[in-house]
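Please look over the sequence and the model before reading on. The report below goes through a few features in turn.

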Amino acid sequence: MEKRIIRGVVFDMDGTLTIPVIDFAEMRRRAGVPQGQDILDAINSWADQAQRDRAYRVIAEIEEEALQQMRVMPGALDLCHFLDRSRVPRGLITRNVKAGVDHFHTHHLSTLQLPDFNPAISRECSFPYKPSPAALLHICATWGIPPSECVMIGDSVKDDVVCGNRAGSITVLLDYQGRAAYTAEQFEGEQRPHHVVTSLADIMTILSTQYSVQAPPHPHNVVESAAA
């Protein structure tokens, strides 16, 4: 049986490329968002501009504190090297701010002479945030590949998996260290991922054995390998 082709990989950042450190329950409490509601959706729905501004200041404070604790997810750098050697582009979509993405690139990639994720789309960009597939579709178009040849990797079912499935991409749910004991079969519809893994190392194995990993057809869109 012919293997499905993969020509691009897009990652979530917090909880996927970096170890999760933000306490979202505490963020909701400090920002005044009721438990169970999406934080950004709830804040953006408020009519009071002053209330929205205060909540976003709280979020900015918490995200700034998290930058000081940022650590790269185990296996992330090896997976980046694998994709770069294969000349497969890697992008990033996060609901975090651009400052967080810049910090990640500067302090955790540049020091190892790894190219940045490109495109890297934060919530400050013009695209609606996940689970909208708009940013993912934009990245695929930038690389010149159909969404079906792209993988979306993240730790959120409602954001990352739904985003990838809506775009028509392969979806991978990262359940870090198996803490939630997820299985793909427990989810239905657009929340059901193609794969559930407990580490980024598992993803490299899946890509190597179950798919045909190839560079995009347009060389100018390919991430140059740091080893080249």
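How many salt bridges does a search of the whole structure find? The search finds 11, where a salt bridge is a side-chain nitrogen of Lys or Arg within 4 Å of a carboxyl oxygen of Asp or Glu.

## Basis of the report

This is a predicted model, in which local features need pLDDT of at least 70 and side-chain atom pairs count only at pLDDT 80 or more, while totals for chains, interfaces and linings use all residues. Residues are numbered from 1 along each chain as its sequence is written, and side-chain values use heavy atoms, with hydrogens and water left out.

## The sheet

An open sheet is formed by 6 strands, in the order β4-β3-β2-β5-β6-β7, and the pairing is parallel. Helices (H or I, at least four residues) and strands (E, at least two) are DSSP runs, numbered from the N terminus; two strands pair if DSSP finds at least two bridges between them. The edges are β4 (120-121) and β7 (195-197); each has a single partner strand, so one side of each is left without a neighbour in the sheet.

Strand β3 (residues 90-93) pairs with β4 in the parallel sense over 2 bridges. Here I93 stands opposite I121 in β4.

## Helices on the sheet

Helix α8 (residues 200-210) packs on the sheet and touches β2, β5, β6 (170-174) and β7; contact means heavy atoms within 4.5 Å. The direction of α8 makes about 140° with that of β7. Helix α6 (residues 134-143) lies across β2 (8-11), β3, β4 and β5 (150-154), and runs at about 160° to β3. For these angles, axes are lines fitted to C-alpha atoms, for helices over the stretch in contact, and angles run from 0 to 180 degrees between N-to-C directions.

K130 forms a salt bridge with D12, and the closest N and O atoms are 3.0 Å apart. This pair links distant parts of the chain, with K130 in the loop between β4 and α6 and D12 in the loop between β2 and α1 (24-31), 118 residues apart. Both K130 and D12 are buried; buried means under 20% relative accessible area, exposed over 50%, and partly exposed in between (1.4 Å probe, protein chains only).

R123 and E63 meet in a salt bridge through their side chains (2.8 Å, N to O). R123 lies in the loop between β4 and α6 and E63 in helix α3 (residues 49-69), so this pair ties together parts that are 60 residues apart in sequence. D159 forms a salt bridge with R95, with the closest N and O atoms 3.1 Å apart. D159 is in helix α7 (residues 157-167) and R95 in the loop between β3 and α5 (98-109), 64 residues apart. D159 and R95 are buried. Salt bridges that share partners also join D12, K130 and D160 into one network.

## Cysteines

How many disulfides does a search of the whole structure find? The number is 0, a disulfide being a pair of cysteine sulfur atoms within 2.5 Å. For C150, the nearest cysteine sulfur is that of C140, 3.9 Å away. C150 counts as buried, at 0% relative accessibility. For C163, the nearest cysteine sulfur is that of C150, 9.3 Å away.

## Helix α5

The buried residues of α5 are G100, V101, H103, F104, H105, H108 and L109. The buried residues of α5 pack against α3, α4 (76-85), β3 and β4.
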